[in-house]
Amino acid sequence: MNHREQTKEVLGVIDVGSNSVRALVLADGKFLYKDLITTRLGEGLAKTGEIAPAAAKRTIDAISFFAKKIDGFSPSAVYAFATEAVRSGKNGEAFRQSVLVKTGVLLDVLSGEEEGEIGLLGALDGKDGGIIDIGGASTEISAAKNGKMIYSHSLPLGAVRLYDGCGENEEKLSETISRRLPEYGQVPAEVDYCAIGGTATAIAAVDLKLVKYDWKAVDGHILTVSDIERNLALFRKTSVKKRISCLHMTPKRAEIIVGGATLLLSIMKYAGISSVRVSESDNMLGYLRKKVFGEGYEKK
């Protein structure tokens, strides 16, 4: 973290993603609190184009819980942002208003490019490189070189959307992903990439054979194409129940890991990326860097 983040102020941020709601409390360059609740906000979005009432309620309850939790740290400011499910859902604005009325939390709905930039800022702290951020309903690839963003694209396809549309059917997953990947165009291959988000961290945890999740062990772990191929084969031959009991995944992640891992592997092969470094620093920290500390990359 740079000097601007060594503030004594206590800052809170809530990330309303398409699979999970996450919260972070930061002060003096240190994480005071970090947690997530999987609410699957993007559930059914691929089929209906709308946020489902049950998913909305689960998510609003989680936002309310985190808002109260963060309040216990007496923050000087609390920020909240939402991504693809709210961005693309036909009733996204209605959901945003409902969140405000029921929790008092005002959601900043990010564009796909903004989401890519805060992922870069979170993982790379303004340095050169790239990120692959597989979310529940979208996947961002962004890259920076010489302090400038040289590439950024958000594809409205993620682990939850793939699960809803394809389940674990290998043929359906392959067809759906291969049909959409060309939308990325020419992805820069001359930068080093980080992988952020729950898909990447879950694969890393299994690759490390962790019985209990340890973010310090996961952070910085390198995954090669062959590592991901090996773990994907393991996921495919293991039931959801055994992924939970034997591979120590959370239940909701165990359900969607095949689609997420297939997408990550497919992107790396498409873009000619041989390995990625898994980063625990992601768009929540990046959001604070951009919105609070005024950091960012120059646009190409």
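Helices and strands are DSSP runs, numbered from the N terminus. The legends below describe close-up views of a predicted model.

**Figure 1. The largest cavity and its lining.** The space within the largest cavity is about 30 Å³. Its lining is formed by Leu24, Phe31, Lys34, Glu280, Ser281, Asp282, Met284 and Leu285. Strand S3 and helix H13 (283–291) each contribute at least two residues to this lining.

Figure 2. Arg40 is found in the loop that lies between strand S3 (30–38) and helix H1 (45–48). Arg40 counts as buried because its relative accessible area is 2%, and the cut-off for buried is under 20%. When residues up to four places away in sequence are not counted, Arg40 touches Ser18, Asn19, Ala55, Arg58, Val160, Tyr163, Lys252, Glu255 and Ile256.

**Figure 3. The largest nonpolar core.** This core has 45 residues, of which Ile132, Tyr184, Tyr193, Ile203, Phe235, Met268 and Val276 touch the most other members. Helix H12 (residues 251–271) gives the most to the core, namely 10 residues. Apart from this core lies another of 26 residues, including Val21, Ala56, Leu107 and Ala137.

**Figure 4. The contacts of Phe235.** Phe235 is one of the residues that touch the most other members of the largest nonpolar core. With neighbours within four places in sequence left aside, Phe235 is in contact with Ile203, Val206, Arg243, Leu247, Met249, Ile257, Val258 and Ala261.

Conventions
Residues are numbered from 1 along each chain as its sequence is written. This is a predicted model: local features need pLDDT of at least 70, side-chain atom pairs count only at pLDDT 80 or more; totals for chains, interfaces and linings use all residues. Side-chain values use heavy atoms; hydrogens and water are left out. Helices (H or I, at least four residues) and strands (E, at least two) are DSSP runs, numbered from the N terminus. Buried means under 20% relative accessible area, exposed over 50%, partly exposed in between (1.4 Å probe, protein chains only). Contact means heavy atoms within 4.5 Å. A nonpolar core is a set of buried Ala, Val, Leu, Ile, Met, Phe, Trp, Tyr and Cys residues joined through side-chain atoms within 4.5 Å. On a 1 Å grid over the protein atoms alone, a cavity is a set of points where a 1.4 Å probe fits but cannot get out, and a pocket is an open set with protein on both sides within 12 Å along at least five of seven lines; lining residues have an atom within 4 Å of a point. Grid points are joined across faces, edges and corners, and a volume is the space filled by probe spheres set on the points.
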